[in-house]
Amino acid sequence: MENHGNKTNKGNVMGTGKYLNPKADLTFKLVFGEHEDLMMSLLNALLPIAENTPITHVEYLSPEMLPDRKSGKDSIVDVRCKDSAGRQFIVEMQMHWNEDFMKRVLLNASKSVVKQAGMGEKYRQIQPVFSLNLINDSRFQPDTEEFYHDYAIINVEHPEKTIDGLRFVFVELPKFQPKSIAEKKMAVLWLRFLTEIGEDTRVAPKELLENEQTRKALEIIEKSAMSDAQIMAYEDFMMSIEDEQVIREGFYKEGMAKGMADGMAKGMEKGLERGKAEANYENARKMKSMGFAIEDISIITGLTPEEIRTI
């Protein structure tokens, strides 16, 4: 393959290092969507799988989640597979958090359950569905330092009683610290792979190079191993992420400035406090329509989450 060097005609999106960012759409799917052994390793490391029932084999399924009815919603996940026991796994890599992503996670996991209940099949044949969601954003639960969030269907009054069938795991990558789960070696290695490797990484950490699985993943995302088409796809994706970030930051600044201006103008007529409140509501309404997280809107506007949900 052609060695593309360290720079492209699209600026610094490629960085100066040896690797591409493993969190990008192209690289993530190259590593975990085309190598069953690496996918199996990641799932065993990060999912709450019982020690006596580890995943020993995976088979890839179509990432396209077609609806059962013409009026239903079509969706595509990053990686979808099942193991020899029939358990299904949906893996998503999300660069930015928003509440629409949560709804998509619920929809896709539910589809995986429903699709197992074909005509004439018995309900006891339905196997559990695990949804693993890696988020390159710390806004999923900004009120906690924990990076690993495990959700199950539980009895509210007796949390120890659960209903098997659906399990959701969310990992906030920016909050990850290796010492947090030192007892699970592969979990630490995979999360270090996702958080410490980027476009400017010239030499990968020794621990990642010494492990057979993470070393293989590193070889896959080397810039020199990419074709021209892959490089172009990678650049387009990373540029779209940068553009989205610029838009978000610009909206924050514009929203703050407009909110203050509106508040001051209306304060002259109806009282300063009432003007600020109306500006905050208007700002919150616009931010909500663009998919910003309720927690972020609350921080910026001062409105409570309950007030924001009613807008």
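**Salt bridges and their surroundings**

Visitor: What is the relative accessible area of Arg 167?

Guide: Arg 167 counts as partly exposed, a class that lies between buried (under 20% relative accessible area) and exposed (over 50%), for a 1.4 Å probe and protein chains only. The model is predicted, so local features need pLDDT of at least 70 and side-chain atom pairs count only at pLDDT 80 or more, while totals for chains, interfaces and linings use all residues. Residues are numbered from 1 along each chain as its sequence is written, and side-chain values use heavy atoms, with hydrogens and water left out. For Arg 167, the relative accessible area is 26%.

Visitor: Which residue forms a salt bridge with Arg 167?

Guide: A salt bridge requires a side-chain nitrogen of Lys or Arg within 4 Å of a carboxyl oxygen of Asp or Glu, and here the N to O distance is 2.8 Å. The partner sits in strand β7 (residues 148-154) and Arg 167 in strand β8 (residues 162-172), 17 residues apart, where strands (E, at least two residues) and helices (H or I, at least four) are DSSP runs numbered from the N terminus. The partner is partly exposed at 36% relative accessibility, and its name is Asp 150.

Visitor: How many residues apart in sequence are the parts that Asp 78 and Lys 29 tie together?

Guide: The side chains of Asp 78 and Lys 29 meet in a salt bridge of 4.0 Å, N to O. Asp 78 lies in the loop between β3 (75-76) and β4 (79-83), and Lys 29 in helix α1 (residues 25-32), so the separation in sequence of the parts they tie together is 49 residues.
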